[in-house]
Amino acid sequence: GNFIFDSHNPSYDTLTLKTFNKVFSFEYTYMLPTQYRGGVNSSESNYEDYQRLFAAHRIEVRPNSKISFALSENVMYRFYDLPDISYLNPATFFHNNVNSHQFNALAHIELSYSFAPCFLIYGQFAVDQGSFPGFEDPKKEDQAMAFSLGAEYSDIIDNGFYRLIFEGIYTTPALYRPTGSSDFIINYNYLKPSGYYHYPFFTYIGYEYGGDNIELKAMADYRKDNLNLYASLDLRIQGEYDMYDKYQKPLRLTSPSGETEIHFTGNFGAKYSFDIMRLPVECFADLAFIYAENTGTDLQASIGASISFKI
């Protein structure tokens with residue numbers, strides 16, 4: 001679960017500059033996401049003609065082959081007409097700007113350590129709009145934060161590569177601060193029938209479930225030649241605060257808040273790829289078990305194949 005860019009999004013349209021050597025790297029990324037209008041259908045007559053710019057800069061240091069440390073700050077900036085170019089300076093520090101109507105800033109720290117061959121431990125910490133623990137009065141300011149901690153073991157067996165991962169994630173309710181304009185929420189398209197906007201698909205730019213969640217997940221993956229076997233187990237406790245709720249008082253300091261819901265998912269599957277007359281073919285079989293406390297149990301099975309032609 002990455003709090004900035006996450007694999008649950010199929011793609012990001014970005015412009016990125018990166019410079020690096022063996023021990024240091026710096027990258028700066030711009031993205032112009034489609035204007036997100038707050039997650040509810042709204043009339044065209046009430047629409048404000050604004051744009052959003054997502055700017056992210058990241059510094060990574062690798063003092064040796066076992067340790068890496070990264071620090072980033074990521075800003076969703078709302079503007080009209082043309083952006084103020086002074087805000088595009090990669091050295092700008094945005095966490096002292098608390099104008100949440102125009103900005104939403106998310107600082108992020110990553111640390112990974114390989115303490116022995118095949119073993120890796122890693123963690124992330126994100127803090128939203130300056131709500132750093134110990135610096136603000138929790139009676140007046142939400143603690144908008146996220147933590148993750150994981151362990152990975154990977155090795156070669158029978159000429160195939162396998163990987164085992166266990167990860168825990170904790171996000172406070174105010175993470176990503178839903179304010180309606182400078183949110184860390186993106187949509188891939190929108191419809192405008194009869195003068196109203198509708199959003200077929202929108203999601204968080206980073207961690208899929210946003211704030212007010214506690215999640216534990218385990219994953220296993222094996223690849224050999226053209227075969228890929230995978231399995232995952234996921235247990236998540238979700239609070240009642242989500243992207244549909246505007247950030248406002250009363251303060252919510254811990255997760256899960258309010259009425260909670262337990263989600264459990266088990267997923268098992270296999271993929272196999274080969275060529276037919278130089279045309280790549282991929283076959284797959286997948287089984288998913290899904291349980292949600294408020295909606296019940298669901299079992300989903302799928303099997304299929306695809307063939308493609310590339311020039």
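This is a predicted model: local features need pLDDT of at least 70, side-chain atom pairs count only at pLDDT 80 or more; totals for chains, interfaces and linings use all residues.
I began with the secondary structure, taking strands as DSSP runs of E at least two residues long and helices as runs of H or I at least four long, both numbered from the N terminus. I noted that residues are numbered from 1 along each chain as its sequence is written.

**The chain as a whole.** I found zero helices and 16 strands in the protein chain. I then looked up burial, where buried means under 20% relative accessible area, exposed over 50% and partly exposed in between, with a 1.4 Å probe and protein chains only; buried residues make up 40% of the 311 residues. For contacts, meaning heavy atoms within 4.5 Å, I read that 59% of those between residues at least 6 apart in sequence join residues at least 24 apart.

**Residue E152.** I located E152 in strand β8, residues 145-157. Setting aside neighbours within four places in sequence, I listed its contacts as C118, F119, L120, R163, L164 and I165. I looked for a salt bridge, that is, a side-chain nitrogen of Lys or Arg within 4 Å of a carboxyl oxygen of Asp or Glu. E152 is buried yet has none, and R163, the nearest side chain of opposite charge, is 4.5 Å away; here Lys and Arg count as positive and Asp and Glu as negative, with His and the chain ends not counted.

**Cysteines.** I noted C118 as partly exposed, because its relative accessibility is 29%. C283 also counts as partly exposed, because its value is 28%.

Methods:
Side-chain values use heavy atoms; hydrogens and water are left out.
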